[in-house]
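Student: Can we go through this one together? I'd like to know what the words really stand for.

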Amino acid sequence: ELQGLIGGHEWRKKGVEVPALGARIHPHYGVFAPIRHEYVELVAKAPLPGAAAQITAFDIGTGTGVLAAVLAQRGVRHVIATDNNPRALACATENLVRLGFAKKTNVTIDVVEADLFPDGRAALIVCNPPWVPAQPNSALEQAVYDPDSTMLRGYLGGLAAHLEPGGEGWLILSDLGEHLGLRTREELLAMIAVAGLKVVARVDIKPSHRRAKDATDPLFDARAKEITSLWRLAASAL
């Protein structure tokens with residue numbers, strides 16, 4: 001825990017370079033740090049459901065605010081970034097100010113305290129929930145572990161009711177939990193179907209981080225097989 005605290009301080013002080021932004025994001029302790037660049041790249045490149053300047057997007061569980069910033073940089077005119085973690089709300093607000101979005105007139109990013117969804121509907125709703133369905137043991141692990149897939153289930157369960165007609169929900173998720181035997185692909189697909197959603201498309205990317213190539217890592221076998229995906233979801237036709 002102490003090592004994590006020291007590491008968190010260094011990240012916050014120096015920042016993490018995010019190529020998709022061409023800038024650095026400064027994570028607070030206990031907030032997921034965007035050191036896994038591949039998931040940010042997926043959001044930076046996936047086709048938007050409509051003209052960027054004409055849509056509103058929700059960033060659910062914004063954390064550092066990195067995905068909200070990427071969407072705004074792509075020209076999305078209004079982004080509402082939500083989180084229920086006070087650390088994350090402070091972190092996202094600080095990063096978005098540091099990146100200069102508070103002074104821009106062509107885009108608006110609102111950081112809102114909410115348990116998942118804000119009021120209203122959006123053409124695009126993005127969520128990058130913690131990837132591993134297990135119990136965290138510290139504040140640092142809360143950014144990585146999602147006990148019983150609670151956040152994932154909540155996002156999927158509320159998505160259809162908050163999408164505008166023709167809108168999409170983007171779920172960014174690693175399959176590491178599947179390779180660790182904590183969740184199956186069939187269970188994930190069942191969650192999507194039960195929520196009244198359908199898969200429009202899926203974009204996959206292999207991790208490029210150091211541990212994926214470190215044969216001495218205890219989780220090397222799982223990490224070597226890991227794929228990070230952006231699932232493009234839409235409401236199923238009635």
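Student: How many salt bridges does a search of the whole structure find?

Tutor: The search turns up nine salt bridges. A salt bridge here is a side-chain nitrogen of Lys or Arg within 4 Å of a carboxyl oxygen of Asp or Glu. Keep in mind that this is a predicted model, where local features need pLDDT of at least 70, side-chain atom pairs count only at pLDDT 80 or more, and totals for chains, interfaces and linings use all residues. Residues are numbered from 1 along each chain as its sequence is written, and side-chain values use heavy atoms, with hydrogens and water left out.

Student: What makes Glu-17 and Arg-24 a salt bridge?

Tutor: Their side chains meet at 3.2 Å, N to O, and the cut-off is within 4 Å, so the pair qualifies. In general, side chains of opposite charge can pair when their charged atoms come close.

Student: And why is Glu-17 called partly exposed?

Tutor: Buried means under 20% relative accessible area, exposed means over 50%, and partly exposed is in between (1.4 Å probe, protein chains only). Glu-17 has 35% relative accessibility, so it counts as partly exposed. Arg-24 comes out at 37%, so Arg-24 is partly exposed too.

Student: Which residues are linked in a network of salt bridges?

Tutor: Arg-12, Glu-94 and Arg-98 are linked that way.

Student: Glu-38 is buried, you said. What covers the buried residues of helix 2?

Tutor: Helix 2 covers residues 37-45, and its buried residues are Glu-38, Tyr-39, Val-40, Leu-42 and Val-43. The cover includes strand 1 (16-18), helix 3, strand 7 (163-174), strand 8 (197-205) and strand 9 (228-235). Helices (H or I, at least four residues) and strands (E, at least two) are DSSP runs, numbered from the N terminus.

Student: What makes helix 3 "mostly covered"?

Tutor: Seven of the eight residues in helix 3 (residues 66-73) are buried. They are Val-66, Leu-67, Ala-68, Ala-69, Val-70, Leu-71 and Ala-72. Just after helix 3, Gly-75 takes a positive phi of about 105 degrees.

Student: Why does the chain agree with a compact globule?

Tutor: For 238 residues, the rule puts the radius of gyration near 18 Å, and the chain has 17 Å, which agrees. That radius is taken over C-alpha atoms, and the globule rule is 2.2 Å times the number of residues to the power 0.38. Buried residues make up 50% of the 238 residues. Of the contacts with a separation of 6 or more, 70% join residues 24 or more positions apart.

How values were computed:
Contact = heavy atoms within 4.5 Å.
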